[in-house]
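Me: I'd like to go through this one by asking what each label rests on. Can you set the values against the cut-offs for me?

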Amino acid sequence: MTTDTSSMPEIDIDPRALRHLADAQVNVELDTGDMILNMGPQHPATHGTLRLVVRLDGERVLAADPIIGYMHRGYEKLTEYRTYPQITTLINRIDWLSSFANEVPFIHAAEQLMGVEAPPRAEYIRTILTELSRIATFILFLGEFGLQVGAVTPAFFGFRDREYVLNLIEAATGGRFHPNFNRIGGIKDDLPWGWVAETREVMKKVFDSCNEFEDLLLGNEIFVARTKGIGIIPGDLGAAYGVSGSNLRASGVDWDLRRDGKPYLVYNELDWKVWTHPAGDSYARYWVRLQETRESARMVLQMLDQLPAGPVMAKVPRIIKVPEGETYVQTENPLGEMGYYVISKGATGPFRTKIRSASFSNVSILPWLLQGVYVPDIVTILASLYFILGDIDR
Amino acid sequence: MMLAADYWWIWTIVKVVVVLAIVPTGALVIGFVFLFKVMSYMQSRLGPMEAGPQGTLQLLADGLKFLQKEDITPKQADKWVFALAPVMVLASTFLVFVVLPAGPDLIVEDIQTGAFYALAVSSLSVIGILMAGWASANKFALLGGLRAAAQLIAYELPLLLAVLGVVIMAGTMSMQEIVSIQNTGEIFGWGGIGNPFIITQIVGFVIFMIAAQAELTQPPFDMPVAESELVTGYMVEYTGFRFLFFFIGEFGTAFAFAGLAATLWLGGWAVPWITTDAWWVNLVGVAVLFIKIMAISFLIFWVRFTYPRFREDQLQAIAWKYLIPIALVNVLATGAFKVWM
């Protein structure tokens, strides 16, 4: 609605009247206008300090802009001022839910540069603890996803059942969340007495827990209605955005670094399968993680049966100096693909470290993914992508 | 009624005090039993244990805590509307109890259109919620308030239609008469347990419970508060005492709706084979009604603690595509039955 003002006579108009005129014009056109909603950095659905600036038309999202960096702690720079053994303490805190799995690729990178190889028992224990931290991370996801779509009770089950696994990690390493257990050339200690038997017991609880979540959420019509067809990531597009891990496997891409990447740990000696789901929606992501939790528990049971005897530490010099060189090690972490590019100039610490964290790439698809969904679906999609803020911001 | 006309004003004060006492008490009982203990049991934890035996005084401690909190009104808020909204919500809860009978003589006012009145005043809370959402000058609150309005409008209709079935069966809207008809009625000529309408009006009961869940804004229909999306929606700017009002309103309304369901479908205070004219029935009636209310509240809160949340559009679809047609068919079938049988 345009008005030609050039032919109007010059009169003194009260500016307040003009404002009313503007209001009237809006009412005539029934233009409701967009609303900018600022979700975060303090918002319960953003798992920390992710900020989403969402442009809304009613409840529909027109555009979403994730703003990251509120938790940037500068780990890449910090590694340049620490020695190699000190760095494991830092990188524990990148993805704080699966800290042990974070340590593995960095330690492998250092070991590769030094030409040291950990004894088989150490590699087995590393693999067991990596899979345990995967189970702990995923069980929390399985419960917490319920909370994000509105069911309170599964979250408590998630925290309860994760605690069994965390107790195991604590018993073996001394730390619930931040084990700091890896050493260059092996691990700090052997497993404590009775640990193997107890792990077998806990794995039974993990299977029970998975069955419970399957009953409680996957079998619930409301849950299915809230997740099926929500946040569909096409496989090729996901790969193009750098989405990795279970999120990509839920889009039907059969890719798992434990099987397809450069061999690491002892995955080649185990009998296991990679789970995929063709749908690519939130439901598929939940389903894949549920299956992977079970698969991890099976792998742990296998490894406990095959656990070799022997030392857990290789011979390494007392002061660790890594010879000149550079390497990139990537592993399949619970949240996706995690990689460390380490450049050494022969000192006691790395010259430069580049950390490729899974969540950073996983949330990069958000602006594309959140277009046209409803406000509640934002939460579903955020929860189903399952990111950790420390892993995004580093 | 046994009140003398000369002392009407004393009785009025007594009635007001009783109603004022019922709502917080009911809210406390419901809050403690279900929110603290039943929910904790379902989630394999203990719940509050420290304040009083088994944590029974925890809600009083929480209430005192709310009283000590600073009362904050946002700068941009519409001050009067902001202050009135919680009162509005709570007032609608209070008003429902006026027509809820707890014994042959224990009713504040047995008005002839009791069922209609109860539904009418219970929907007043929507206005309060909309006021809260609008006046808070907060986008999350606004979204929550508008969701609440859309949702409550959609669910007012099935609620009404569900009660209509009962009213047709009873032939009256007076709550006291609905109770006595259920108590003395017969199911196809068999009067062993009277005619509690939960048996003959089971469809209406189910619809009423679903719609009540939406009216109470509880999961699976808690989109207006939706703490994982809207961070408690229309309540987000409220602190201290005003928040306590919403809290009491939430559980008091759950108590009221359970009471309505118990009266309309479970026979209220009456027990089928107990005579209704003795004076002690008033005492038994309170206990019986309380047990029935707790049983229905358990249903409400069981669903609340277990189910995920619907999305707003899915909720509207359920109301308009399923609940309202089913309720209409129920009303039609009940009417036809009533006319031809």
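Reply: Two residues are in contact if their C-beta atoms, placed from the backbone, lie within 7 Å. On that rule, 24 residues of chain B are in contact with 25 residues of chain A. Bear in mind that this is a predicted model, where local features need pLDDT of at least 70, side-chain atom pairs count only at pLDDT 80 or more, and totals for chains, interfaces and linings use all residues. Residues are numbered from 1 along each chain as its sequence is written, while chains are lettered from A and ligands numbered from 1 in the order in which they are written.

Me: Which elements of chain B give two or more residues to the side that touches chain A?

Reply: Helix H6 (139–170), H11 and helix H12 (312–340) of chain B do. Helices here are DSSP runs of H or I with at least four residues, strands are runs of E with at least two, and both are numbered from the N terminus. H12(B) provides the largest share, three residues.

Me: How do the residues on that side of chain B divide by class?

Reply: Into ten nonpolar, five polar and nine charged. Nonpolar covers Ala, Val, Leu, Ile, Met, Phe, Trp, Tyr, Cys and Pro; charged covers Asp, Glu, Lys and Arg; the others, Gly among them, count as polar.

Me: Staying in chain B, why is H1(B) called oblique to H11(B)?

Reply: Helix H1 (residues 8–42) and helix H11 (residues 281–306) of chain B pack at an angle of about 50°, with their axes 10 Å apart. Axes are lines fitted to C-alpha atoms, for helices over the stretch in contact, and angles run from 0 to 180 degrees between N-to-C directions. Angles under 35 degrees count as roughly parallel, over 145 as roughly antiparallel, 65 to 115 as roughly perpendicular and the rest as oblique. The angle of about 50° falls in the rest, so H1(B) is oblique to H11(B).

Me: Which residues make that contact, and how do they divide by class?

Reply: From H1(B) come Ile30(B), Phe34(B), Val38(B), Met39(B) and Met42(B), and from H11(B) come Ser297(B), Phe301(B) and Phe305(B). They divide into seven nonpolar, one polar and no charged.

Me: What makes H1(B) roughly perpendicular to H10(B)?

Reply: H1(B) and helix H10 (residues 240–265) of chain B pack at about 90°, with their axes 8 Å apart. That angle makes H1(B) roughly perpendicular to H10(B). On the H1(B) side the contact includes Val23(B), Pro24(B) and Gly26(B), and on the H10(B) side Ile248(B) and Phe251(B) are among the residues. By class, this contact has eight nonpolar, three polar and no charged residues.

Me: Over to chain A. What makes S1(A) and S2(A) partners?

Reply: Two strands pair if DSSP finds at least two bridges between them. Five bridges join S1(A) to strand S2 (residues 51–57) of chain A, and the two run antiparallel.

Me: How many bridges join S2(A) to S3(A)?

Reply: Seven, again with the strands antiparallel. Asp57(A) has Arg60(A) in S3(A) as its bridge partner. The two strands form a hairpin with two residues between them, and Gly58(A) in the turn has a positive phi of about 70°.

Me: Why are S1 and S3 of chain A said to stand at the edges?

Reply: The three strands form an open antiparallel sheet in the order S1-S2-S3 (chain A). Strand S1 (35–39) and strand S3 (60–67) each have a single partner strand, so one side of each is left without a neighbour in the sheet. Neighbouring strands of this sheet are turned by 20° against each other on average, direction ignored.

Me: How do you know that helix H15 of chain A is mostly covered?

Reply: A residue is buried if 20 or more other C-beta atoms lie within 10 Å of its own, exposed if 12 or fewer, and partly exposed in between, with C-beta atoms placed from the backbone. Eleven of the eleven residues of H15(A) (residues 375–385) are buried, and the helix is mostly covered. Val375(A), Asp377(A) and Leu385(A) are among them. Just after H15(A), Tyr386(A) takes a positive phi of about 55°. Across chain A, buried residues make up 47% of the 394 residues.
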